[in-house]
Amino acid sequence: MPTFHNVCSVPSSFWLTGIPGLESLHIWLSIPFGSMYLVAVVGNITILAMVRVERSLHQPMYLFLCMLAVIDLVLSTSTMPKLLAIFWFGAGKIGLDACLCQMFLIHCFATVESGIFLAMAFDRYVAICNPLRHSMVLTQAVVGRLGLAALLRGILYIGPLPLMIRLRLPLYKTHVISHSYCEHMAVVALTCGDSRVNNVYGLSIGFLVLILDSAAIAASYVMIFRAVMGLTTPEARLKTLGTCGSHICAILIFYIPIAVSSLIHRFGHRVPPPIHTLLANFYLLIPPILNPIVYAVRTKQIRDRLLQILKSGTKIR
């Protein structure tokens, strides 16, 4: 790894260290990370192919699931190929513009994913609390508009982050980023200027996305549970709640790792850097890996279609 003098300067590139403190284990770490990335790519492409082929899955919940699959592919692909290049070839160098672009993609699509979960919660609310109007309210056009709104919100919220760094903080104390990707706070910590505006804006966006979205989702499920408890038989209650199981699992898979990573970054000053960096990578990998598995296991249509394909493949052999 190259060394840089601790003098404020305008960089043309940065150096990503990978997992700081575990450089000697990079080649071994590439095995689980590479395997997880492969599982994430195959799983999400499979979900996209299933929904495209199976016409019975052309429903709002599965269209939102396709949006999640695309987002998860973007999130994992924006970081994992570079991380594996660091592990295998020591290719830690990344251009300034490429670094800011990676930062934008990571934070933007994490924000978009939160918006999609909010839209899915609305879909479940309408489907359970007002089922007769579900097909009229959640048309394919409305689903598309909700997805577009989530994307535009992500761009609007996160777009200023790299711009503020580029325009307000051109000087850096060092060009070495002790991280495996260009995370916002990791880059801002290297700047020589006053970064309070960046810090306040980053915290505000984190509050808007993490707290308000999760509160809105929780409120929708409170109303859903009230409607379910009004059903006459336990069997009807379980069947209705079963339609929400995959969504609840996906929400927990997304929000818990990102909340833990954010709390450690802000307040866990005694947490060793390798643990923090590993957690930051896991929160970008765990949802892309587990979302397809959760929906494949818990969704009868997807599960049956997968089994049908596997059986036909076995017969061909």
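The model is a predicted one, in which local features need pLDDT of at least 70 and side-chain atom pairs count only at pLDDT 80 or more, while totals for chains, interfaces and linings use all residues. Residues are numbered from 1 along each chain as its sequence is written, and side-chain values use heavy atoms, with hydrogens and water left out.

Let me describe the patch itself. Leu25, Ile27, Trp28, Ile31, Trp88 and Phe89 make up its area of about 730 Å². A patch is built from residues with over 30% relative accessible area and no salt bridge; nonpolar side chains (Val, Leu, Ile, Met, Phe, Trp, Tyr) are joined within 5 Å, and like charges within 9 Å. The areas come from the Shrake-Rupley method with a 1.4 Å probe, and for residues only the protein chains shown count as cover. Which helix gives the most to the patch? Helix 1 does, with three residues. Ile27 has its place in helix 1, and its relative accessibility of 46% makes it partly exposed. On this scale, buried means under 20% relative accessible area, exposed means over 50%, and partly exposed lies in between, with a 1.4 Å probe and protein chains only.

I turn now to the charged pairs. How many salt bridges does a search of the whole structure find? It finds four, a salt bridge being a side-chain nitrogen of Lys or Arg within 4 Å of a carboxyl oxygen of Asp or Glu.

One of them joins the side chains of Arg166 and Asp97, at 3.1 Å from N to O. Arg166 belongs to helix 7 (residues 160-168) and Asp97 to helix 4 (residues 96-129), so this pair ties together parts that are 69 residues apart in sequence. Arg166 is partly exposed, at a relative accessible area of 43%.

A further salt bridge pairs Asp213 with Arg153, whose closest N and O atoms are 2.7 Å apart. This pair links distant parts of the chain, with Asp213 in helix 9 (residues 196-229) and Arg153 in helix 6 (residues 140-158), 60 residues apart.

Finally, Arg124 forms a salt bridge with Asp123, with 3.1 Å between the closest N and O atoms. Arg124 is buried at 10% relative accessibility, and Asp123 is buried at 1%.

How values were computed: Helices (H or I, at least four residues) and strands (E, at least two) are DSSP runs, numbered from the N terminus.
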